[in-house]
Amino acid sequence: MEIEELINKVRQGDSAAFEGIIRLFEQKIYTYCYFLLGDRQEAEDAAQDTFFKTFQIIGTYDTKGSFTAWLYKIAENHCRNLLKRKRKWMHLLPLFRPESQAKSAELIFSEQMGTEMPYWFSGLTIAEKKMLVLRIEEDYSFEEIARILEISTATARKRFERLKKKLRSKNKLKEGIIRHEQQLEL
């Protein structure tokens with residue numbers, strides 16, 4: 001069943017048809033939220049909230065536009081709001097802890113992730129994280145990315161090239177640090 005057909009059924013009151021929409025986009029929206037938020041549990045919750053919000057406002061979707069772009073925009077807005085709230089709490093949290101036990105937000109994030117992801121994502125903007133997940137993880141073309149991000153195809157290509165350059169320089173820095181540490185161990 002095509003997406004437009006599912007949307008029409010949901011608009012006509014067939015809430016069971018929304019399950020088809022969820023099945024089509026569940027993994028993609030979860031992955032998108034994960035790369036924006038950096039936490040599996042938060043990404044699962046954000047994806048669920050995105051679909052709940054989508055179900056509530058599906059009547060406002062303009063069928064002339066891309067449903068995929070509209071859905072990603074809902075997910076992005078939700079994740080941005082979560083990140084804003086998280087930042088506010090990170091500023092307030094040290095006030096409730098003794099100073100000797102206070103950890104930086106980066107340290108807490110690194111401990112939760114247990115991978116190198118925090119290293120690669122540190123210093124990236126939300127826009128760069130979105131570009132990375134859409135191009136690398138979701139394997140969208142630059143035309144599709146441009147539609148989702150509401151930019152031109154040329155701008156999408158240029159931003160991706162800048163992002164690759166930024167990540168390459170970060171990789172060179174990391175390799176230099178590793179070589180230096182290995183020399184110290186000898």
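The model is a predicted one. A pair of aromatic rings is described by the distance of the centres and the angle of the planes. The count comes to 10 aromatic pairs. One of these pairs joins Phe18 and Phe55. Their ring centres lie 5.2 Å apart, with 70° between the planes. The pair is edge-to-face, because the angle is over 60 degrees. It links distant parts of the chain. Phe18 belongs to helix 2 (residues 18–37), whereas Phe55 belongs to helix 3 (residues 40–57). The two residues are 37 residues apart. Phe18 is buried, at 5% relative accessible area. Phe55 is partly exposed, with a relative accessibility of 36%.

A further pair is formed by Phe67 and Trp70. Phe67 has a relative accessibility of 3%, so it counts as buried. Phe67 and Trp70 also belong to one aromatic cluster, together with Phe25 and Tyr61.

The charged end of Arg135 sits over the ring of Phe142, 4.1 Å from the ring centre. The charged end of Arg135 also sits over the ring of Phe160, with 5.9 Å to the centre of that ring.

Terms used
Residues are numbered from 1 along each chain as its sequence is written. This is a predicted model: local features need pLDDT of at least 70, side-chain atom pairs count only at pLDDT 80 or more; totals for chains, interfaces and linings use all residues. Side-chain values use heavy atoms; hydrogens and water are left out. Rings of Phe, Tyr and Trp (its six-membered ring) pair if their centres lie within 6.5 Å; planes under 30 degrees apart count as stacked, over 60 as edge-to-face and the rest as tilted. Helices (H or I, at least four residues) and strands (E, at least two) are DSSP runs, numbered from the N terminus. Buried means under 20% relative accessible area, exposed over 50%, partly exposed in between (1.4 Å probe, protein chains only). A charge sits over a ring if NZ of Lys or CZ of Arg is within 6 Å of the ring centre and within 35 degrees of the ring normal.
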